[in-house]
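Biologist: I have a model open and want to learn how to read it. Where do we begin?

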Amino acid sequence: MPRSSLFEPTRDASPAGSEGLGLSQLAGVLRRSWRWIVIPTALATIGAIAFVQVVSPRYTGEAKILLESRDTPYTRTAQERGEQPQPIDEQAVASQVQVVMSRDLAREAIRRLSLAGNAEFDPGVAGFGPLQRALMMIGLAKNPMERPPEERMLETYFDRLTVYPAGKSRILTVEFRSKDPHLAAQAANTIAELYIASLDAAKTDTARYASTWLGGNIETLRTRVAEAEAKVETYRASHGLIATGGAGGQPLGAQQLGELSTQLSQARTAKADLAGRAKLIKEMIKDGRAFEIPDVANNEIIRRTVEQRITLRNQLALESRTLLSAHPRIKELTAQISDLDAQIKATAERVVRTLENDARIAEARVESLNAAVDAQRDVVSKGNSSEVQLRALEREAKAQREQLESYLARYREASARDAESAAPADARVVSRAITPETPSFPKKLPIVLLAAVLGLLFSMGGVIAHHLLGDPDGPGRRRRHEADSEGEAERPAYGRQPFAFPEASLALARPGAAATAQAGGSGAAPPVAEGAAPTAEAAPARPTLAPAWTEAAEAAATSARTSVPAPADAGAYALDPLIARLRTGAGPARSGAGRAVLVIEAVPARRLEAGLAVSLGSSLAAGASVVVLDLNGPACGADEVGLTDLVAGEAAFLDVIQSIPGSRLHAIPRGFVDAAILAEEPQALAITLDALAQAYDWVVCRLGTPQARTAREILAVAGSLMDTAIVASDRDPEDADLLDLYALAEASGAAQILVAQDHAAAALAPEAPAFADEAMPLRLSAA
């Protein structure tokens with residue numbers, strides 16, 4: 001019947017085409033490929049040991065430098081004393097790392113350490129090879145000896161020097177590597193000292209440059225100051241802007257105007273005072289109180305006159321008591337008093353006239369002072385325009401003077417800092433390098449351990465990658481040849497055309513077989529799937545498979561060509577009813593697929609010429625295509641592959657399917673890989689069996705020694721993939737081991753479970769039910 005090809009383009013029969021490896025499967029893959037892991041790891045470890053023993057050790061000297069501002073108030077300038085020093089940030093530290101690795105400092109270090117002529121650093125000491133000499137002769141390479149020694153060694157010097165900041169601190173670590181431990185420590189200390197000396201020199205050079213520049217400019221500035229001050233004095237003299245030595249420093253004209261203004265104010269005050277006093281005295285004279293005027297009262301004559309007037313008034317009052325007003329004595333006294341009053345009034349009037357004269361004098365003075373002030377004001381106003389230019393000249397002279405004084409102060413400070421060690425460097429060595437006793441390279445134990453770990457990891461990774469990706473040209477996938485008894489058979493290329501079976505048919509000659517084969521006859525090969533093209537060339541001949549468990553099949557094929565048919569119930573098993581139960585039992589999982597049968601052979605080999613699986617396959621091969629798989633038989637040799645290699649992805653179908661000469665029966669041995677792979681890779685096993693069921697009518701799987709743990713694990717996985725599970729045993733049906741094996745097969749999930757007993761066991765237990773008479777699968781009684 002038509003059936004699809006075994007190798008369909010859309011199917012991936014390799015485990016690599018599955019969803020990957022689980023953790024449980026990964027351990028099995030690594031355990032089966034332990035040689036591919038141990039050998040590379042051992043080689044890597046041995047190579048690392050040889051490397052650390054052969055390579056020359058190198059020592060590392062380490063010095064540490066602290067970056068900090070070391071300026072004290074005594075070494076700072078007057079302007080810097082009031083400022084806070086700038087903190088050293090990460091960018092400044094990184095910049096100082098580049099300063100330590102500068103070429104100028106490297107050349108000085110090479111000279112200081114006398115590295116010229118040292119074979120470790122000078123490439124010209126050891127000479128040049130023939131190839132390099134030839135390149136130099138034809139001009140393709142330059143002669144290193146033509147360069148200065150320091151230039152030749154710069155590359156090696158920088159390879160051995162490492163400078164880096166310690167974390168986020170302001171400490172620079174200077175490391176230098178060399179084969180000589182003393183040179184390594186000396187080089188680290190020398191580089192640190194040269195770096196600090198370069199900082200000192202930079203500060204000294206800056207101060208020296210500043211003092212030189214200031215000294216050259218001070219003389220020029222002095223000349224300019226003298227010229228500016230001379231211009232001020234000349235302009236002041238030419239424009240009459242001579243100033244006195246007063247505090248104000250005003251010009252003479254302005255001072256004169258000020259004095260005139262002061263005198264004018266005083267004259268006006270005196271005039272007003274005199275005019276006021278004269279007016280007041282006039283009013284007092286008019287009121288008859290002239291003797292109350294201070295100027296009149298203070299007059300000696302007026303004072304005596306006033307005293308006489310007082311005396312006469314007293315006498316008048318005394319005489320008026322006894323005399324009348326017309327009395328001569330009264331009249332005499334009254335006349336004398338009137339005369340004294342006239343004298344007092346005349347004196348007061350003279351005072352008034354004196355005050356009025358003084359007031360007129362003051363007024364004349366005010367007028368003259370006004371005229372003088374007006375004239376001086378004109379002089380001052382005319383000098384203001386000249387004074388503006390004078391002030392400009394004075395400002396220029398003052399600026400020049402201040403600049404000169406500033407330069408002089410800075411020149412003195414720069415001159416003081418010009419001397420060596422006047423300003424300390426902003427760094428200091430906090431840890432000097434000491435001669436190392438332990439080499440920094442190679443670290444023998446870490447390198448060996450690292451090489452071993454890397455070899456182990458890479459080996460494991462290679463094994464896993466090989467398992468997942470597959471390698472069609474690998475050592476486990478060797479092409480084999482197959483040939484039948486009449487010549488080489490043609491087979492299609494893997495993955496492109498269906499598998500072609502040998503045309504020779506196999507007839508069972510074993511006692512108890514279901515049918516006999518015609519001697520020399522040949523059966524037709526299974527039809528090719530639609531759309532598949534035949535192969536263009538014949539596959540190379542492959543050696544025939546001859547494992548121990550297929551010898552009976554070859555013997556059966558030979559007997560079928562030379563003997564007569566045997567009865568169906570002869571031999572150890574009755575195959576005709578068994579085949580009938582297989583054909584009428586549980587159907588295949590898919591339409592058009594072959595039937596899968598699992599034969600669990602619990603019969604000891606010494607009591608059986610050939611197992612039931614081979615006998616059953618030989619009988620079924622008389623009229624159908626059959627392949628027999630050995631699940632846990634003996635392992636193949638290192639150069640042979642089988643079912644376990646196919647499931648593990650180490651072989652292809654064409655590599656493992658072997659033909660039995662003279663028959664249509666094909667066989668797949670167990671393989672080189674451990675049989676536990678079948679239980680560890682259930683998905684790969686399912687894909688393999690499904691692919692075989694698409695190509696063959698019957699897929700017969702043999703499982704021997706079911707008491708073993710591996711066999712039980714395979715049964716638990718493969719049982720659910722089978723249409724029928726047959727337990728071949730010679731034990732009594734009530735045997736506990738047989739009951740346990742039957743329960744295990746039933747628990748595996750097989751669609752149909754049968755128990756087949758050989759004739760010897762039937763003779764010992766005649767009460768056991770006949771297999772051919774059972775209409776349903778045999779159920780063993782636990783009683």
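Modeller: With the contacts. This is a predicted model. Take the contacts in the chain with a separation of 6 or more: residues 24 or more positions apart account for 82% of them.

Biologist: What share of the 783 residues in the chain is buried?

Modeller: Buried residues make up 40%. The chain exposes about 41,500 Å², and carbon and sulfur atoms supply 55% of that area.

Biologist: How many helices and strands does the chain have?

Modeller: There are 23 helices and 13 strands.

Biologist: How do I read the side chains of a strand?

Modeller: In a regular strand, side chains alternate between the two faces of the sheet. Now take strand 8, residues 626-630. V626, V628 and D630 point one way. V627 and L629 point the other way.

Biologist: Is strand 8 mostly covered or mostly open?

Modeller: Mostly covered: five of its five residues are buried.

Biologist: Which strands are joined to strand 8 by bridges?

Modeller: Strand 10, residues 665-668, is joined to strand 8 by four bridges, and the two run parallel. V626 stands opposite L665 there. Strand 11, residues 698-704, also runs parallel to strand 8, with five bridges between them. Here L629 has C701 as its bridge partner.

Biologist: How many residues of helix 20 are buried?

Modeller: Helix 20 is mostly covered, with 10 of its 14 residues buried. They include A684, L685, T688 and L689. D690 and Q694 are also among the buried residues.

Biologist: What about nonpolar residues on the surface?

Modeller: Start with the general idea. An α-helix has 3.6 residues a turn, so residues three or four places apart point the same way. Now the case here. L450, V453, L454, L457 and F458 form a nonpolar patch on the surface. Together they have about 500 Å² of accessible area. V453 is found in helix 13, residues 444-469.

Biologist: Why is V453 classed as partly exposed?

Modeller: Its relative accessible area is 43%. Buried means under 20% and exposed means over 50%, so V453 falls in between.

Notes. Residues are numbered from 1 along each chain as its sequence is written. This is a predicted model: local features need pLDDT of at least 70, side-chain atom pairs count only at pLDDT 80 or more; totals for chains, interfaces and linings use all residues. Side-chain values use heavy atoms; hydrogens and water are left out. Patches are made of residues with over 30% relative accessible area and no salt bridge: like charges are joined within 9 Å, nonpolar side chains (Val, Leu, Ile, Met, Phe, Trp, Tyr) within 5 Å. Accessible areas come from the Shrake-Rupley method with a 1.4 Å probe; for residues, only the protein chains shown count as cover. A salt bridge is a side-chain nitrogen of Lys or Arg within 4 Å of a carboxyl oxygen of Asp or Glu. Buried means under 20% relative accessible area, exposed over 50%, partly exposed in between (1.4 Å probe, protein chains only). Contact means heavy atoms within 4.5 Å. Two strands pair if DSSP finds at least two bridges between them.
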